Amino acid sequence: MTAKEYLNQLRHLDNRINQQLRELADLRTTATSIGSMDYSKTRVQSGGGGHAAYTDIVHHIAALEAEINAEVDRYIDEKHTIIRQIQTLKNPAYVEILYKRYVEYKRLEEIAVEMNYSYDHVRRLHGWALQDFERCHTMPHSPVVE
């Protein structure tokens, strides 16, 4: 695994959490909009229809919330680890570029403007920073995000 792949795992975790939050919002919308009873048809037996579907959705919501909480905990731990690893680099420009790129998810163009460097210079610094990061840290063979 390269330094770039390793550092990008944070964004992948963040994306996964955001997707799960959208799924949770959809489930909650479904739970609050369970269909109403159709009183136009004559019913002989009352069977409490609709309750099973509602309770299934509530169980799905609870399970997804637990999963999201676990992912958020994992994200916080990974973010803290990556920030500490970035901050071990000796060159302050490398630290700033890698932090802005992989923790704040900024594009190289934005970083260039913020640092008052040309885009080409930031691209070069970014490449050197990744090489330095790889030299300083052993990259795991398998990704953290599965």
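The accessible surface of the chain comes to about 9,700 Å², and carbon and sulfur atoms account for 51% of that surface. Accessible areas come from the Shrake-Rupley method with a 1.4 Å probe, and for residues only the protein chains shown count as cover. The model is predicted: local features need pLDDT of at least 70, side-chain atom pairs count only at pLDDT 80 or more, and totals for chains, interfaces and linings use all residues. Residues are numbered from 1 along each chain as its sequence is written, and side-chain values use heavy atoms, with hydrogens and water left out.

## The chain as a whole

The chain has five helices and zero strands, in the order α-α-α-α-α along the sequence. Helices (H or I, at least four residues) and strands (E, at least two) are DSSP runs, numbered from the N terminus. Of the 146 residues in the chain, 32% are buried. Here buried means under 20% relative accessible area, exposed means over 50%, and partly exposed lies in between (1.4 Å probe, protein chains only).

Among contacts with a separation of 6 or more, 73% join residues 24 or more positions apart; contact means heavy atoms within 4.5 Å. Leu 21 belongs to helix α1 and is partly exposed, because its relative accessibility is 41%.

## How the helices meet

Axes are lines fitted to C-alpha atoms, for helices over the stretch in contact, and angles run from 0 to 180 degrees between N-to-C directions. Angles under 35 degrees count as roughly parallel, over 145 as roughly antiparallel, 65 to 115 as roughly perpendicular and the rest as oblique.

Which residues bring α1 and α3 into contact? The axes of helix α1 (residues 3-32) and helix α3 (residues 92-102) come within 9 Å and cross at roughly 45°, and α1 and α3 are therefore oblique to each other. Helix α1 contributes Lys 4, Leu 7, Asn 8, Leu 10 and Arg 11, while α3 contributes Leu 98, Arg 101 and Tyr 102. This contact of α1 with α3 has four nonpolar, one polar and three charged residues. In this classification Ala, Val, Leu, Ile, Met, Phe, Trp, Tyr, Cys and Pro count as nonpolar, Asp, Glu, Lys and Arg as charged, and the others, Gly among them, as polar.

Helix α3 also meets α5: their axes come within 9 Å and cross at roughly 95°, so α3 and α5 are roughly perpendicular. On the α3 side are Tyr 94, Ile 97, Leu 98, Arg 101 and Tyr 102, and among their partners in α5 are Val 122, Leu 125, Trp 128 and Phe 133. The contact of α3 with α5 divides into ten nonpolar, one polar and two charged residues.

The axes of α4 and helix α5 (residues 119-136) come within 9 Å and cross at roughly 110°, which makes α4 and α5 roughly perpendicular as well. Leu 108, Glu 109, Ile 111 and Ala 112 of α4 meet Tyr 119, Val 122, Arg 123 and His 126 of α5. By class, the contact of α4 with α5 has five nonpolar, one polar and two charged residues.

## Charged pairs

How many salt bridges does a search of the whole structure find? The search finds eleven, a salt bridge being a side-chain nitrogen of Lys or Arg within 4 Å of a carboxyl oxygen of Asp or Glu. Three of them are listed below.

| Salt bridge | Closest N and O atoms |
|---|---|
| Lys 100 with Glu 96 | 4.0 Å |
| Lys 100 with Glu 114 | 2.6 Å |
| Lys 106 with Glu 104 | 3.3 Å |

Lys 106 is buried, at 19% relative accessibility, whereas Glu 104 is partly exposed, at 35%. Salt bridges that share partners join Glu 96, Lys 100, Glu 104, Lys 106 and Glu 114 into one network.

Lys 100 and Glu 96 are separated by about one helical turn, because they are four residues apart in helix α3. Lys 100 counts as buried at 13% relative accessibility, and Glu 96 is partly exposed with a relative accessible area of 34%. The salt bridge of Lys 100 with Glu 114 links distant parts of the chain, with Lys 100 in helix α3 and Glu 114 in helix α4 (residues 108-115), 14 residues apart. Glu 114 is partly exposed, at 40% relative accessibility.
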